[in-house]
Amino acid sequence: NDFKIINVIVNMKKPLALLLILCLFFSCKKEKGYPDISGTWEIEKTINMSGITNYPAGNVNRIILSGSGGFERRRNDTLLFKGNYSLHHKQDCYSRESDIVITTNEQNNSELYITIENGKLIFDTPNCYTDGALTYYIKQ
């Protein structure tokens, strides 16, 4: 009798352990990561209420983003701003594909949503703004 009870207990441990592992696996929410945006990016075009402005290749209007959070804005070899940036997740007013926002400590900086499409870094104003804009950068 005692042997049957011990055998039942031992045999129940395996399904219980499996059930516990499955519960932990499905209850864990994966942390959304951030894309690697480090590098030198040159402005390609802007789209706003005034229309589309295309910039020629080699226009030397660049931003430099380091992997450690450093941010530079340059025109030619002239440094216009040097500071820091950070990325975080933020829900926009209306649904969008990316919820990743970049902020810098540049004066008059606002939060801009970022996406990377076809090797281009795109800055986008929140979609609840009336006068939104898109800025496209291409990696150098």
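Thr-40 has Ile-64 in β3 as its bridge partner. Strands here are DSSP runs of E with at least two residues, and helices are runs of H or I with at least four, numbered from the N terminus. β1 and β3 pair in the antiparallel sense over four bridges; two strands pair if DSSP finds at least two bridges between them. The model is predicted, so local features need pLDDT of at least 70 and side-chain atom pairs count only at pLDDT 80 or more, while totals for chains, interfaces and linings use all residues. Residues are numbered from 1 along each chain as its sequence is written, and side-chain values use heavy atoms, with hydrogens and water left out.

Gly-39 is also found in strand β1. Gly-39 is partly exposed, with a relative accessible area of 22%; buried means under 20%, exposed over 50%, and partly exposed in between, using a 1.4 Å probe and protein chains only. Leaving aside residues up to four places away in sequence, Gly-39 touches Ile-63, Ile-64, Leu-65 and Lys-139, where contact means heavy atoms within 4.5 Å. The C-alpha atoms of Gly-39 and Gln-140 are separated by 7.6 Å, although these residues are 101 residues apart along the chain.

On to the next pairing: β3 and strand β4 (residues 70-75) pair in the antiparallel sense over five bridges. The bridge partner of Ile-63 in β4 is Arg-73. The hairpin of β3 and β4 has four residues between the strands, and Gly-69 takes a positive phi near 100 degrees there.

The largest nonpolar core has 16 residues, and Ile-37, Ile-63 and Leu-65 are among those with the most contacts inside it. Such a core is a set of buried Ala, Val, Leu, Ile, Met, Phe, Trp, Tyr and Cys residues joined through side-chain atoms within 4.5 Å. β5 gives the most to this core, with three residues.

A search of the whole structure finds two aromatic pairs. Phe-71 and Phe-81 form a tilted one, 5.9 Å centre to centre with 55 degrees between the planes. Rings of Phe, Tyr and Trp (its six-membered ring) pair if their centres lie within 6.5 Å; planes under 30 degrees apart count as stacked, over 60 as edge-to-face and the rest as tilted. Phe-71 lies in strand β4 and Phe-81 in strand β5, so the pair ties together parts that are 10 residues apart in sequence.
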